[in-house]
Amino acid sequence: MKKATIFLVILSLFTITGGEIFGSTISISSISADPGDTAVMVSISLDNSTPYYGSEMELQYNSSLLDLNRIEFASRLSSISEVEYYEYTTGKVSSVFFDLTGQSLPADTGTIMNAYFDVSPDAGQEDAEISISEITAVTDGMEYDTVETTSGAIRIPVYICGDVDLDRVVNIFDIVYIIQFLYLEGPPPESIESANVNGDATVNIFDITYLIGNLYLDGPPLDCAPVEKSYASEVIAKIAEGEECATIYSSFDKDKTTINIESPSDVYGIEMILESSDGSKLELKSLKEGIPVYYSQSNDQIKLGMVDINGKRFMAKGKNRIIEIDGKVEVVSILASDKNSQSIPFKSSSVIVPREYSLDQNYPNPFNPSTEIKFALPQASNVSLEIFNILGRRVTTLINDRLDAGYHSVTWDGINSKGQDVATGVYLYRLKAGDFVKSKKMLLLK
Ligand SMILES: [Ca+2]
Ligand SMILES: [Ca+2]
């Protein structure tokens with residue numbers, strides 16, 4: 001005779017007054033699992049506000065998505081002599097507990113059993129609900145308790161981490177999919193989380209290098225997480241105190257912009273947003289053999305990624321010319337990944353290339369004994385910076401060189417070209433850069 005039947009036979013020996021509500025509840029936990037996972041645990045907990053003589057409950061689950069692996073009763077029931085479960089039809093399992101020695105289950109809250117399910121490998125984006133379809137609960141006063149039940153579920157997300165194209169295999173096609181999405185106006189993944197393989201909150205170049213590392217370079221396991229941002233280069237990497245920084249600079253020469261990077265470590269991937277000053281369609285070319293540049297342009301903005309999808313080729317630490325562009329662009333943001341998909345810090349000011357030539361007022365002014373002169377070059381230029389006295393005679397030449405685009409500064413310590421201290425008075429400094437010429441006055445006060 002089945003124990004449930006014994007239980008019910010025993011019950012029939014008593015006169016049971018039914019329907020009393022003691023405010024008891026039973027609830028089933030929810031958990032996420034992947035298709036093909038085995039022994040996924042769901043907890044069933046009981047909050048009985050009165051002691052129970054025994055109970056029989058029927059658990060119902062979606063048998064097209066789940067198979068029951070086993071049920072384990074929790075330690076709350078360890079003092080109860082009869083605990084049993086049996087499946088009498090697919091998708092339904094009955095569990096029963098009662099005690100022949102008259103021991104009852106004290107009023108308490110906690111897990112009474114854990115049900116383990118195997119998830120079908122063919123399960124898709126669907127929640128497999130697990131609910132209590134029937135419950136008989138008998139108090140030790142031999143009354144039926146009315147129990148409120150809360151269903152649980154095994155939630156099966158649509159994706160496998162890293163399987164961006166949903167073919168259930170994580171491979172090179174998934175890397176290509178993310179590159180297409182981020183830089184080539186490809187469609188977003190159906191589950192954007194599947195592309196966020198490094199477990200932060202953004203899909204960007206680090207997910208590409210992380211996935212490459214996982215597939216080909218013994219990198220750490222994939223670890224998908226919810227996504228807050230899903231576009232390229234949202235932030236310029238910030239520098240932390242004392243960190244070794246990379247710098248990025250572009251130089252403009254003969255209708256071409258060259259983007260250069262100087263990095264303290266090897267660079268395995270770069271993502272950038274560039275702005276073209278006139279919105280014209282620009283052609284980009286990688287200067288690193290074997291490391292392609294992927295890009296798309298909308299209006300003035302170009303989104304680009306540069307990475308070897310085999311993970312073999314990288315931009316060695318030190319100075320590298322990396323991209324050449326037919327036209328003039330400004331780097332507005334950048335992210336760079338090292339071998340371990342960690343962000344290489346940049347000096348945030350280094351990404352800004354000035355739009356036009358300028359010569360600043362020296363500082364301090366008046367000065368003694370030295371002063372700093374700053375100027376800006378929108379493109380690489382032959383530069384001279386000379387100092388004249390009030391009579392127009394040249395005192396010294398501070399710079400006579402070809403300089404990269406960017407912000408520059410030079411210090412004058414009041415010494416002439418013969419190495420002598422100059423006298424108190426007004427001096428002129430003149431910047432010539434390309435066709436740009438500008439002079440300003442300064443005062444040396446001793
Ligand atoms: Ca795939
Ligand atoms: Ca990420």
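## A pair of residues to start with

In strand 25, Leu428 is the bridge partner of Phe388. Helices (H or I, at least four residues) and strands (E, at least two) are DSSP runs, numbered from the N terminus. Two strands count as paired if DSSP finds at least two bridges between them. Strand 22 (residues 381-389) and strand 25 (residues 425-433) have 7 bridges and pair in the antiparallel sense.

Before going on, a word about what you're looking at. This is a predicted model, in which local features need pLDDT of at least 70 and side-chain atom pairs count only at pLDDT 80 or more, while totals for chains, interfaces and linings use all residues. Residues are numbered from 1 along each chain as its sequence is written, and chains are lettered from A and ligands numbered from 1 in the order in which they are written.

## The whole protein

How much of the protein counts as buried? The share is 35% of the 446 residues. Here, buried means that 20 or more other C-beta atoms lie within 10 Å of the residue's own, exposed means 12 or fewer, and partly exposed is in between, with C-beta atoms placed from the backbone. Two residues are in contact if their C-beta atoms, placed from the backbone, lie within 7 Å. Among contacts between residues at least 6 apart in sequence, 72% join residues at least 24 apart.

## Three domains

The protein is divided into domain 1 (3-156), domain 2 (247-351) and domain 3 (358-444); these bounds come from an automatic or database domain assignment. The C-alpha centres of domain 2 and domain 3 are 33 Å apart.

Where domain 2 and domain 3 touch, 5 residues of domain 2 are in contact with 6 residues of domain 3. On the domain 2 side there are 2 nonpolar, 2 polar and 1 charged residues. In this scheme Ala, Val, Leu, Ile, Met, Phe, Trp, Tyr, Cys and Pro are nonpolar, Asp, Glu, Lys and Arg are charged, and the others, Gly among them, are polar.

## A well-covered strand

Strand 17 (residues 301-307) is mostly covered, with 6 of its 7 residues buried. Strand 14 (residues 269-276) pairs with strand 17 in the antiparallel sense over 7 bridges, and Glu271 has Gly305 as its bridge partner.

Strand 16 (residues 293-298) also runs antiparallel to strand 17, joined by 6 bridges. Here Tyr295 stands opposite Leu304. The hairpin of strand 16 and strand 17 has 2 residues between the strands, and Asn299 takes a positive phi near 50° in this hairpin.

## Two open sheets

Strands of a sheet pair through backbone hydrogen bonds, either parallel or antiparallel. One open sheet has 4 strands in the order 23-22-25-26, with antiparallel pairing. Strand 23 (394-403) and strand 26 (436-444) each have a single partner strand, so one side of each is left without a neighbour in the sheet. Neighbouring strands here are turned by 15° against each other on average, direction ignored; the axes are lines fitted to C-alpha atoms, for helices over the stretch in contact, and angles run from 0 to 180 degrees between N-to-C directions.

Another open sheet has 3 strands in the order 20-21-24, and its pairing is antiparallel. Which strands stand at its edges? They are strand 20 (358-359) and strand 24 (406-412), each with a single partner strand. Strand 21 (residues 371-377) is joined to strand 24 by 7 bridges, with Leu377 opposite Gly406.

Most residues other than glycine have a negative phi, and most peptide bonds are trans. The loop between strand 20 and strand 21 holds Pro364 and Pro369. The peptide bond from Tyr363 to Pro364 is cis, with omega near -5°, and the bond joining Asn368 and Pro369 is cis too, with omega about 5°.

Leu166 has a positive phi near 60° and is in the loop between strand 11 (152-156) and helix 2 (172-183). Leu166 counts as partly exposed because it has 17 C-beta neighbours inside 10 Å. Glu185 has a positive phi near 60° and is in the loop between helix 2 and helix 3 (205-216). Is Glu185 buried or exposed? Glu185 is exposed, since 11 other C-beta atoms lie within 10 Å.
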